[in-house]
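Reader: I would like to go through this structure feature by feature, with the general idea given before each case. Could we begin with how residues touch one another?

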Amino acid sequence: MSLSLVHSRALLGLEARPVCVEVHLANGLPSFTLVGLADTGVKEARERVRSAIANAGLEFPSNKRITVNLAPADLPKDSGRFDLPIALGILAASGQIDAARLAGWEFAGELSLGGELRPVRGALAMSLAVHRQDTERPTRLVLPPGSAEEAALVPQAQVYRARHLLDVVARFLPEREADTAPPPPPEEAGWARLAPTARAALPRYPDLIDVKGQVAAKRALEIAAAGGHSLLLVGPPGSGKSMLAQRFAGLLPPMGTLEALESAAVASLTGRFSLERWGQRPTCAPHHSASAVALVGGGSPPRPGEISMAHQGVLFLDELPEFPRSALEALREPLESGHIRISRAAMQSEFPARFQLIGAMNPCPCGFLGHPTRACRDTPDQIARYQGKLSGPLLDRIDLHVEVPALAPDDLLHGAAGEPSAAVRERVHFARQRAQTRQGSTNQTLAGQALDAHVNAEPAALKFLHTAAARLGWSARSTHRALRVARTIADLSGADAVGTAHVAEAVQYRRVLKSAG
């Protein structure tokens, strides 16, 4: 047989598109041609596959004209994930394995020159795509160690792990040879079907009990966690802004299976996923020198950025005004929509970006504006320029603006321990359950008719909000965001209706910095 078909997947954003690896052997001048919009890493598979087949003791048809087509031809392919399917296609076309037995299987894996299989990124995205596509007759996946355990996280996935090319070849030998070949000892077998990977223990986060004082900031963190709101912490150096932000993820409810799979799939695309962090809400804290591409994603082919890596978790931007203006402005749309679409001339890729933004900044360049004991040495013009690095439209999209004042030495050294994260998380979980029961989503997502239907504000509360918005010159977005925060405060207190006290507390969190935007 001179033609064989092997199935695999190519990553396009978070999607894993089906790819058919077609191999044709023909007489003629010996050559090895690979076509199908393959990048350099895929084209180098020719040398890896040639060496792996030869060093595994199998026969490479070096006297044939070999043509490998990765279909569809207009879908870009990258990385070494196609090494294994290309090798199996060559072996099937040359009759060394049974091509008919490859039906119903998909393969991915990079080959070493000796034939060992190496992990590939995006295994979880592959497994999710296979699981969603095939329901009546599930497709079986064959992956290298490391990638197989990751793919087995998907419920009901049929995942097989293979350590070496020979492990796969032994499974797909022609019937006669398969019947006569002795089975390998169990302890030496590199081929194994993986049961659904056992879930890790409950994730551990830094505890809020470590933070002394800062009652107002802790209250703001609780409200942000309960309603899915974004938060800006403003205060002098050493007041505890970063410490509070690092403990925010521990206040959020445990991740559901679907949330954990979405978060892990994004991490898998960049090779940053590990089983030890399964079910743990990510906290991404990029350095302030990060570019817009690093934050929102990009490249060719497009890769997810920090906002997608923080999906279902927290994006912490410390020293917020020091980030490039273009990078901060790129956050506007994802903060509203919960996803990011990256458009290039050849393709479009969409990544999830449902994150909670926690920003931290000093009130001025020296950091001591409003400090009780240290004088600020900056001029009003310097302060205005520093705060003006944050545009008005960006500040408008941050729900809670909170001042984190300097802590007195006596409170720091002799103050009582704070409330543990577990107690706050229980209240947050209670408030989120109320919102889910009422409208099926967090309060931060309420908009339009849904906001009018579910906010249930008393007439006196609406009148108070109208007066505050008019006097403070709020935009329509700011007014609606304050109303959502008030709805969250009411949920935390167990109230069905939003009262004046709830609105008054929400209004105090709309602290607007002076800006040049």
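Author: Contact means heavy atoms within 4.5 Å. In this predicted model, L315 touches C284, P286, E306, I307, A310, L331, F355, Q356, L357 and I358, when residues up to four places away in sequence are not counted. Among contacts in the protein between residues at least 6 apart in sequence, 77% join residues at least 24 apart.

Reader: What conventions should I keep in mind for the residue numbers and the side chains?

Author: Residues are numbered from 1 along each chain as its sequence is written, and side-chain values use heavy atoms, with hydrogens and water left out. Since the model is predicted, local features need pLDDT of at least 70 and side-chain atom pairs count only at pLDDT 80 or more, whereas totals for chains, interfaces and linings use all residues.

Reader: What is the mean pLDDT of the protein, and which elements have the lowest and the highest mean?

Author: pLDDT is the predictor's confidence in each residue, from 0 to 100. The mean for the protein is 89, and 94% of its residues reach 70 or more. Helices (H or I, at least four residues) and strands (E, at least two) are DSSP runs, numbered from the N terminus, and there are 22 helices and 19 strands here. Where pLDDT is low, the predicted coordinates should not be read in detail.

Reader: How should I read burial, and what share of the residues is buried?

Author: Buried means under 20% relative accessible area, exposed means over 50%, and partly exposed lies in between, with a 1.4 Å probe and protein chains only. By this criterion, buried residues make up 52% of the 517 residues in the protein. The C-alpha trace spans about 85 × 50 × 45 Å along its principal axes.

Reader: Which residues touch the most other members of the largest nonpolar core?

Author: A nonpolar core is a set of buried Ala, Val, Leu, Ile, Met, Phe, Trp, Tyr and Cys residues joined through side-chain atoms within 4.5 Å. In soluble globular proteins, nonpolar side chains tend to be buried together. The largest core here has 61 residues, of which L143, I307, L315, L317, L328 and F355 touch the most other members. Apart from that core lies another, of 49 residues, including A224, F248, A249 and V455.

Reader: How many aromatic pairs are there, and how is their geometry described?

Author: Rings of Phe, Tyr and Trp (its six-membered ring) pair if their centres lie within 6.5 Å; planes under 30 degrees apart count as stacked, over 60 as edge-to-face and the rest as tilted. By this rule the count comes to seven aromatic pairs. One of them joins W105 and W191 in a tilted arrangement, 5.8 Å centre to centre with 50° between the planes. W105 lies in strand β5 (residues 105-107) and W191 in the loop between α7 (175-180) and β10 (192-194), so this pair ties together parts that are 86 residues apart in sequence. Both W105 and W191 are buried.

Reader: Where does a charged end sit over a ring?

Author: A charge sits over a ring if NZ of Lys or CZ of Arg is within 6 Å of the ring centre and within 35 degrees of the ring normal. The charged end of R171 sits over the ring of F172, 5.6 Å from its centre, and that of R374 sits over the ring of F368, 4.0 Å from its centre.

Reader: Which residues does H7 contact beyond its sequence neighbours?

Author: H7 is found in strand β1 (residues 3-12) and, leaving aside neighbours within four places in sequence, is in contact with V19, C20, W105, E106 and F107. H7 and F107 are 100 residues apart in sequence and 6.4 Å apart in space, C-alpha to C-alpha. At 35% relative accessibility, H7 counts as partly exposed.
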